[in-house]
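Hi,

Here is the structure I promised to pass on. Have a look at it first, and then read my notes below.

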Amino acid sequence: MTAWPPVELPASQLRRVRAAANGADYRVSLWLPDGPPPANGFPAIYVLDAGALFATFVEAIRRGNRRVDATGVAPMAVIGIGHDADELFANRLRRRDYTWGPAAQEAPPDDGPVGGGPAFLHFLVDELAPALRQELPLDGTRQTLFGHSLAGQFVLQALAARPEAFRTWAAISPSIWWDAAGLKARLATTLPSTRTPNVFMAVGEWEGAVPPWQRAHPGHDLLVARRAQRDMVGHAQALAQDMAAWLGPDRAAFRIFEDEDHASVVMVGCQRTLRFATARNQAM
């Protein structure tokens, strides 16, 4: 039987990039829309956990671009940043890069370091993005950063540290529980004096409980206890209220997506992030 050719994403590239900030290697995926770029270059969305989400965003934009009037999703470049590992989510490396320190209320993981967020952010903002803008037609004033779960927590920590680095920040089901008090304190120090960032946050309806389809599974009681401790929905609602006060309701959006759980909400969150980012890019 003749071997079938692999399925490929058209016009996409994959590179390995070593970060000077921390010496780690990353897999950087690139995709640019068809056609000539705008005068100032394409808007771009930087997607964390690219091994799981780069193709999702590329396909969402390609489909959305066919009917911008119906989808609210305009062309933008996709830049995926993934760890140099073959897992869909390299959790040990995620904890290293997406945190500013150990978890506040849980035992520290025993399989690797935490607290590398500042160095990873330096790599994104001061190494990777400028290098890509020198090479590709990208608009540095219309950049979005997207993260889900622990990567969403990184997005919020990065927003507190460098609020001018991206125009739009999207945190879907952010793991605020990792350092809720520290994160809020840093955001409260920075955001009231800024007028640039736009923030989109969302969680799934079932993240505060357990969805019906999981209730018969073994370990259901442990999941209930963990979710009660982490309080994903409550933390996100409280921080969203603060965001609206710091930034104003026009620049801080929050949604609870009906009948979605922590893992399933990311698909809805991708599409709504693209619509939110498109609106903010076009408002310039």
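To start you off: is A11 buried or exposed? A11 is exposed, with a relative accessible area of 53%. Here exposed means over 50% relative accessible area, buried means under 20%, and partly exposed is in between (1.4 Å probe, protein chains only). A11 sits in the segment before β1 (12-18), and its phi is near 65 degrees, a positive value in a residue other than glycine.

Before you go further, a word on what you're looking at. This is a predicted model, so local features need pLDDT of at least 70 and side-chain atom pairs count only at pLDDT 80 or more, while totals for chains, interfaces and linings use all residues. Residues are numbered from 1 along each chain as its sequence is written, and side-chain values use heavy atoms, with hydrogens and water left out.

Now the overall picture. The chain has 9 helices and 8 strands; helices (H or I, at least four residues) and strands (E, at least two) are DSSP runs, numbered from the N terminus. Its radius of gyration is 19 Å, close to the 19 Å that the globule rule gives for 284 residues, so the chain is as compact as a globular protein of that length. That radius is taken over C-alpha atoms, and the rule is 2.2 Å times the number of residues to the power 0.38. Along its principal axes, the C-alpha trace spans about 60 × 50 × 45 Å.

Of the 284 residues, 50% count as buried. The chain exposes about 13,200 Å², and carbon and sulfur atoms supply 53% of that (areas come from the Shrake-Rupley method with a 1.4 Å probe; for residues, only the protein chains shown count as cover). If you take contacts (heavy atoms within 4.5 Å) between residues at least 6 apart in sequence, 72% of them join residues at least 24 apart. As for charges, the mean positions of the 28 positive and 29 negative ones are 4 Å apart. Lys and Arg count as positive and Asp and Glu as negative, with His and the chain ends not counted; each charge is placed at NZ of Lys, CZ of Arg, CG of Asp or CD of Glu.

Helix α5 (residues 150-161) has 12 residues and reaches 17 Å from its first C-alpha to its last, close to the 16 Å expected at 1.5 Å a residue. The expected span is 1.5 Å times one less than the number of residues. In α5, 11 of the 12 residues are buried, so the helix is largely enclosed by the rest of the structure. Among them are L150, F154, L156 and L159.

Another residue of α5 is A160, which is buried at a relative accessible area of 7%. Leaving aside neighbours within four places in sequence, A160 is in contact with R186, L187 and T190. A160 and L183 are 23 residues apart in sequence, and their C-alpha atoms are 7.8 Å apart in space.

In the loop between β5 and α5 you'll find S149. S149 has a positive phi of about 65 degrees although it is not a glycine, and it is buried, with a relative accessible area of 12%.

The other helix is α9 (residues 265-282), with 18 residues and a reach of 26 Å from first C-alpha to last, close to the 26 Å expected. Its buried residues include V265, C270, L274 and F276. What covers the buried residues of α9 includes β3 (42-48), α1 (50-66) and β5 (138-148).

In the loop between β8 and α9 is D261. D261 is buried, with a relative accessible area of 7%. Apart from neighbours within four places in sequence, the contacts of D261 are W206, E207, P211, W213, Q214 and R227.

A90 is in the loop between β4 (77-83) and α3 (91-97), and it is buried at 7% relative accessible area. Beyond its neighbours within four places in sequence, A90 is in contact with H83 and A85. The C-alpha atoms of A90 and E106, 16 residues apart along the chain, are separated by 20 Å.

Q134, in helix α4 (residues 117-135), counts as exposed at 75% relative accessibility. From Q134 to R195 is 61 residues in sequence and 27 Å in space, C-alpha to C-alpha.

Cheers
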